[in-house]
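Subject: Handing over the structure

Hi,

Here is the structure I promised to pass on.

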Amino acid sequence: RALFSACLAVLLAGERRLDAAEARLLFQAGLLHDLGLLHIDPALATRSAGIDPGEWLEIQRHVPIGAAIAERLGAAPARLARVIRGHHERADGTGYPAGSTHDDIDPLAQILALCDMLHALRFDGPDIGTLADCMPYLRVNRLVFGEQNYRAAGRILAGARDVAPPAAARVLPRQL
């Protein structure tokens, strides 16, 4: 999940024509955004159904924990913690932990939120097909992740449909 989010975030940064520093920060945030999950009950961190309200609050704690860890990384930019803190926020206020809206969410956190959600849609539930098959969900929620992010994701995922599958690996003869 971390590597997927980091790589897709960099692709989105390129599609959005963000500068290299922001792309680098997105990559770092993608790798570290769920670091706080290591500090909650592992059985709870991996469960997706049958979660009671108290357990849901416990799961939400991973966000401020991860942001606090990022704040303590001496070489990390200060913005890294803000991006991690916002990776579950949604522009309509339905996210967590703060229920932030629109301008209160770091724009890079919105990109990371979209990447995290795409991973969940594609890999954490029933098989829905390809990443491009997630577009109807994104279309319905286009304002939640930001219109520019939705459009950039749409261009990337639409382009992915046209890519030929990789060729079979060639077996090279052994060198003696």
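Below is what I found in it, from the overall build down to single residues.

Before you start, please keep in mind that this is a predicted model: local features need pLDDT of at least 70, side-chain atom pairs count only at pLDDT 80 or more, and totals for chains, interfaces and linings use all residues. Residues are numbered from 1 along each chain as its sequence is written, and side-chain values use heavy atoms, with hydrogens and water left out.

**The overall build**

The protein has 10 helices and 0 strands. Helices here are DSSP runs of H or I with at least four residues, strands are runs of E with at least two, and both are numbered from the N terminus. Along its principal axes, the C-alpha trace spans about 55 × 40 × 40 Å. Of the 176 residues, 38% count as buried; buried means under 20% relative accessible area, exposed means over 50%, and partly exposed is in between (1.4 Å probe, protein chains only). If you take the contacts with a separation of 6 or more, 60% of them come from residues 24 or more positions apart, where contact means heavy atoms within 4.5 Å.

**H1 against H7**

Two packed helices are described by the angle between their axes and the distance between the axes. Helix H1 (residues 2-15) and helix H7 (residues 107-123) pack at about 130°, and their axes are 9 Å apart. The axes are lines fitted to C-alpha atoms, for helices over the stretch in contact, and angles run from 0 to 180 degrees between N-to-C directions. H1 and H7 are therefore oblique to each other; under 35 degrees counts as roughly parallel, over 145 as roughly antiparallel, 65 to 115 as roughly perpendicular and the rest as oblique.

Which residues make the contact? From H1 they are Phe4, Ser5, Leu8, Ala9 and Leu12, and from H7 they are Ile111, Leu112, Leu114, Cys115, Asp116, Leu118, His119 and Phe123. By class, the residues of this contact are 10 nonpolar, 2 polar and 1 charged. In that scheme Ala, Val, Leu, Ile, Met, Phe, Trp, Tyr, Cys and Pro are nonpolar, Asp, Glu, Lys and Arg are charged, and the others, Gly among them, are polar.

**Aromatic pairs**

The structure holds 2 aromatic pairs. Rings of Phe, Tyr and Trp (its six-membered ring) pair if their centres lie within 6.5 Å; planes under 30 degrees apart are stacked, over 60 edge-to-face and the rest tilted.

Phe4 is buried at 18% relative accessible area, whereas Phe123 is partly exposed at 45%.

Then there are Trp56 and Tyr96, with ring centres 5.1 Å apart and planes at 75°, so this pair is edge-to-face. Trp56 sits in helix H4 (residues 53-60) and Tyr96 in the loop between helix H6 (79-85) and H7, 40 residues apart. Trp56 counts as partly exposed at 38%, while Tyr96 counts as buried at 12%.

**H4 against H5**

H4 also packs with helix H5 (residues 62-71), at an angle of about 15° and with the axes 5 Å apart. That makes H4 roughly parallel to H5. Here Glu58, Ile59 and Gln60 of H4 meet His62, Val63 and Pro64 of H5. The contact has 3 nonpolar, 2 polar and 1 charged residues.

**Backbone spots to look at**

Tyr96 turns up again here: a cis peptide bond joins Tyr96 and Pro97, with omega about 10°. Pro97 is found in the loop between H6 and H7.

His102 lies in the loop between H6 and H7 as well. Its phi is near 25°, a positive value in a residue other than glycine, and His102 counts as exposed at 51%. Arg17, in the loop between H1 and helix H2 (20-32), has a positive phi too, near 60°. Arg17 is exposed, with a relative accessible area of 75%.

Happy browsing!
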